[in-house]
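I wanted to look up how the charged side chains of this chain pair with one another. My notes are set down below in the order in which I went through them.

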Amino acid sequence: DVYKRQESKFCNTSNLFNIMMKSCLISILVSLVSFTAAWGQASGTQVTETDSTLTLRNSKVRVEFPKGEAFDISKLTLNGKELVLSKGYNTVPWTLTYKGPQGENPVLFPSHGEYAGWAKTTKDGHVAIAFKWNMRLTYQDLVPVVMTVSLPGDSELAYWDIQAGTPDGWLVSNTQFPRITVTRPDKAKLITSAGWGAEYNLSNPQVYTSSYPSVTGSMQLLFLHNPDGSVYYATEDREACGKDFRAAVGDKSVTLLTDIVASEGWSDHTSKTFTLPWPTVIGYSHLGWQDAATKWYRPFTFTTEWGSKPLASRNIPQWLLDTDTWIRAKGVNDTVRTAVNKAIDLYGKNTFVHWYFWHHHPYDTHYPDYFPAKTDFAEMIAEVRKRGCHTVPYINGRLWDPASDSYAALNGASASCRKPDGTLYTEIYPTSKVLNSVTCPASKLWQGIITDLVIKIQKELKTNGVYIDQIAAAAPQPCWATNHGHARGGGDYWHKSYRHLMDSLRTYHLEPGNILISEENAECYIDMFDLLLTVNSPHNGCKIVPLFPMVYSDRLITSAYTYSPTDRVNRGDFLYQTMQCFLYGSQLGWVDPTLLMKEEAKREADFLKTLSVLRKKQHDVFVGGRYVKEIIPKGDNPITDVHGFGKMNVVAGSEWISPKGQRVQYYVNMDSVDHEIILPDNNKKRTVKALQGIRINL
């Protein structure tokens, strides 16, 4: 009986267990289904609407548009940060300038047409909203303008695209798109990609412009940041078309926009449609602009033609990778010759001599009529090379003097860039005060002239290559010439034409072991040249920030930091420039030896020597390594007023990751006394001796 009672109790318990397990499994399955549905809702992109609001959202981004008779943005929430606090600021998300068959040239705003509402759609397979306006260019046709806003999956970035109709005989010649107005943050600053990167304290009212690709816009982005985080605005244009980034600052708002001179090739006469051939993205990082640059822009660059090549794949001559010190020789005379040799005595083998003023005509005149070279120039080059050093001479890759002999003889006017009215782009430089015309790089005549110069310089002067000025520095000029083989207006022809020229020079005309270098660091040129000279970063009215090295330091070689002093180098600014140059991983110097070799500049010359010796041991990091961040260490680190740069700490640092993954920090002291600093990672104290630098492996 006892046994039967226990057996019955066991059976009842077993049944209860089975029932409980089934119930539990059902609950788990229901929870999984609910979780999956919720996860799908959180991770996917949705379009929802109420009576008054249309919303495009995913788990990271929420954009709300009021439903009504006109377009606007009522909320723009990126990573939980609300950027639009008032309605009415985003009623003009675009402008379009048309060109008509009779010379009509209207600038159209959304208010010039009829807002036709919205539709849920897809863009590149992603959920999107298409907003439509109908514009009337003729009585016969309503011209549609369609702006698409999309959110790919769980992206933290909102994407913006635009198309517009082009009736027979019409095309789009310019657009401002997108125009996104955000509430002006407290204590906000603007960062553009000028040179290394430029940070501005916002003035009101003010319009800041960054022309891409050029020295004022080395990359295609803007940051609007304060201590809370950073707005990120960028185009993802893999063809490097010319464009201006602008930030229009008001009392309570900042409008971020891209101003684009369109290529006539973007207006398709078959489909009667103009398409802007890239998207624009906007995002927000709570961690700041450095996080946005490395999380969003740096990955984009690896998808481009110029950014996809590792440094090791570029076949850069080893002697250039081993170079640490540059001097800038100006002229061909005994004074320059003596100074060059004295500098080589101090800095030793593999000093790089960049040579200016070697042709008979004054600087910035008679381009491209460089030959004959000045007497003794070839002999001086031979002397430099005999001492185990290297040299390249200056030529200009963009300007043609319309008063030069060659301009008349070769019909240089046929190669010049043309404005819409047929006139030339003419520039005057303070170095010469003469007229120079801008030449179209697509011109076969111009490409032939540069090719012949590169061949002749190497053959007759026996140089180690050629420096071709302004290519990676000067912004593209839209060209309306009909004989250059490119679609008129803007577009990618400027970048593509120089790419074709450099590819041809490397394939057929550059002698083994020789190099091509250019001025400045516009991103689309980094793989065309063995080295880029970075000296034009603005620092008056703004602060230099290490934006460019954060993105690209592992894929190119640079030299210099900013223009070295041209009158005297012993005021303290050359010390600061040399320190920053080292911390950015750039090759040092690029200084006039006739100034640096004077007795009163001994401190500066010795400091350059000290950091050059230290840099020689850092090729495992600086060649192919990645710049991570700037460090201003605490501790005994006084501030000094640097001529031309403002108030700066005397000790500065940077962190790098080597190609093998080694984390390294560098600290340099530009002061004449030792300083004990506190390291940020472990609060340990380290002394950085006067006018020296140190390396710390982490």
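These entries follow the salt bridges, pair by pair.

Entry one. I kept in mind that this is a predicted model, and I began with the total, which comes to 32 salt bridges.

Entry two. I looked up Glu64 and found its side chain in a salt bridge with that of Arg62, at 2.7 Å from N to O. Glu64 counts as buried because its relative accessibility is 12%, under the 20% cut-off, while Arg62, at 34%, counts as partly exposed.

I turned to Lys309, which forms a salt bridge with Asp527, their closest N and O atoms lying 2.9 Å apart. This pair links distant parts of the chain, since Lys309 sits in the loop between α2 (289–301) and α3 (318–321) and Asp527 in the loop between β30 (515–519) and β31 (531–533), 218 residues apart. I noted Lys309 as partly exposed at 29% relative accessibility, and Asp527 as buried with 11%.

I then checked Arg506, whose salt bridge with Asp530 has its closest N and O atoms 2.8 Å apart. Here too distant parts of the chain are linked, with Arg506 in helix α8 (residues 493–509) and Asp530 in the loop between β30 and β31, 24 residues apart. Arg506 is partly exposed at 30% relative accessibility, whereas Asp530 is buried, with a relative accessible area of 2%.

Conventions
Residues numbered from 1 in each chain as written. Predicted model: local features only at pLDDT ≥ 70, side-chain atom pairs only at ≥ 80, totals over all residues. Heavy atoms only, no water. Salt bridge = Lys/Arg side-chain N within 4 Å of Asp/Glu carboxyl O. Buried < 20%, exposed > 50% of the residue type's maximum accessible area, 1.4 Å probe, protein only. Helix = DSSP H or I, 4+ residues; strand = E, 2+ residues; numbered from the N terminus.
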